[in-house]
Amino acid sequence: MARERSGRTVAHLVLATRLKTLREAAGMSRGEAANALGAHTATVRRIEQAETSLDEGQVHALLTAYGAGAAEIESFLGELAAANLPGWWHPWRSVMDPWQLDLMSVESAARIIRVWEPALVPALLRTPSYARAVDNVRRPDLSPADKDRRSELLIERQKRLRHQNTSIWAIMSAAALHTSVGNEDVMAEQRQALKAALARPDVTLQIHPLDGRCHPMTGMPTVSLYRVDVPEIPDHVVREGDLHGSADVLNSLHAVSAYHLLMDHTCVIAPHPNESKDVLT
């Protein structure tokens with residue numbers, strides 16, 4: 001399995017981060033670790049950033065260089081096989097955007113996902129028909145079969161997020177309710193799905209009115225904030241680009257904190273979630 005095509009799993013990210021932590025604790029630079037490995041410094045960087053599959057021989061050599069004991073090495077290698085298994089999303093990798101491949105591991109570990117959506121229904125709250133209608137307009141480069149596969153992936157993502165008790169807190173513009181996506185049946189089904197979502201304890205939805213006040217995220221594209229419970233995995237921000245299928249993925253503390261603050265201020269300005277029921281009715 002090529003890691004670049006399949007994306008990183010949570011287990012892979014955790015082990016890669018541990019390798020980096022062990023190197024730093026040993027007081028070794030990446031260059032020194034590369035010398036111990038007999039490889040280029042870029043190889044160590046790719047291993048630590050989970051950009052390549054973890055090779056047992058390389059991992060063993062690095063752990064030995066870092067002074068790990070026999071028991072620690074045995075335990076680490078025992079987790080290695082699971083870390084190199086493809087993620088559950090592997091069957092859909094050919095229809096996923098490149099940035100999504102790496103983000104699926106973060107989504108799989110997310111405690112809460114916060115979303116700002118300026119014009120459409122947030123992706124994680126879309127029905128398959130609505131999502132397919134959006135792809136029909138925004139992704140003319142995809143074949144009908146690929147669009148079907150993307151709808152299947154969306155259903156699986158939504159199901160897994162509910163199973164892992166991930167909370168979804170979305171703020172969307174009321175413009176989404178006045179923008180015809182697909183036909184009337186698609187829109188009616190989507191409205192019903194939003195009403196049903198509001199009854200779930202894991203979903204919070206705020207709908208910013210068309211005549212509402214300007215807020216900190218006014219004019220911004222779709223932004224998603226992933227809050228993660230796994231210590232080795234930082235929180236992430238995804239800011240989707242103007243070109244469909246493109247996005248900036250950020251995980252620095254500064255960027256995450258800045259967008260978290262913007263989300264908080266926007267939530268304060270937006271109507272209370274209870275008012276969303278009235279808007280949909």
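**Figure 1. Accessible surface and overall make-up of the protein chain.** The accessible surface of the protein chain comes to about 13700 Å². Carbon and sulfur atoms account for 53% of that surface. The model shown is predicted. Its C-alpha trace spans about 65 × 40 × 30 Å along the principal axes. The secondary structure comprises 12 helices and six strands. Of the 281 residues in the chain, 44% are buried. Take the contacts between residues at least 6 apart in sequence: 72% of them join residues at least 24 apart.

**Figure 2. The largest nonpolar core.** This core holds 40 residues. L125, Y130, M172, L194 and L205 touch the most other members. The helices α2 (10–25), α7 (98–107), α8 and α10 (184–198) each supply at least two residues. So does each of the strands β1 (110–117), β2 (167–173), β3 (203–208) and β4 (223–228). Helix α10 gives the most, with five residues. In soluble globular proteins, nonpolar side chains tend to be buried together.

Figure 3. Neighbours within four places in sequence are left aside here. L194 is then in contact with V121, L125, M172, L177, L205 and L280. L125, M172 and L205 are, like L194, among the core residues that touch the most other members.

**Figure 4. A176 in the loop between β2 and α10.** The loop between these two elements contains A176. A176 counts as buried because its relative accessibility is 1%, under the 20% limit. Setting aside residues up to four places away in sequence, A176 touches A119, L120, V121 and M187. A176 and A119 are 57 residues apart along the chain. Their C-alpha atoms are separated by 5.0 Å.

**Figure 5. The salt bridge between R132 and D148.** The closest N and O atoms of this pair are 2.2 Å apart. The bridge links distant parts of the chain. R132 sits in helix α8 (residues 128–138) and D148 in helix α9 (residues 144–163). The two residues are 16 apart. R132 is partly exposed, with a relative accessible area of 22%. D148 is also partly exposed, at 37% relative accessibility. Side chains of opposite charge can pair when their charged atoms come close.

Figure 6. E156 pairs with K159 in a salt bridge, with closest N and O atoms 3.3 Å apart. Both residues lie in helix α9. Three residues separate their positions, about one turn of the helix. E156 is buried, with a relative accessible area of 14%.

**Figure 7. The salt bridge between R227 and D235.** Here the closest N and O atoms are 2.6 Å apart. Are the two partners buried or partly exposed? R227 is partly exposed, at 22% relative accessibility. D235, at 18%, counts as buried.

**Figure 8. A network of salt bridges, and the charges of the chain.** Salt bridges link D97, D135, R139, D141 and R150 in a network. The structure holds 19 salt bridges. The protein chain carries 30 positive and 34 negative side chains. The centres of these two sets lie 2 Å apart.

Methods
Residues numbered from 1 in each chain as written. Predicted model: local features only at pLDDT ≥ 70, side-chain atom pairs only at ≥ 80, totals over all residues. Heavy atoms only, no water. Salt bridge = Lys/Arg side-chain N within 4 Å of Asp/Glu carboxyl O. Helix = DSSP H or I, 4+ residues; strand = E, 2+ residues; numbered from the N terminus. Buried < 20%, exposed > 50% of the residue type's maximum accessible area, 1.4 Å probe, protein only. Core = buried A, V, L, I, M, F, W, Y, C linked by side-chain atoms within 4.5 Å. Contact = heavy atoms within 4.5 Å. Areas by Shrake-Rupley, 256 points an atom, 1.4 Å probe, with all protein chains shown as cover. Lys, Arg positive; Asp, Glu negative; His and termini not counted. Charge placed at Lys NZ, Arg CZ, Asp CG, Glu CD.
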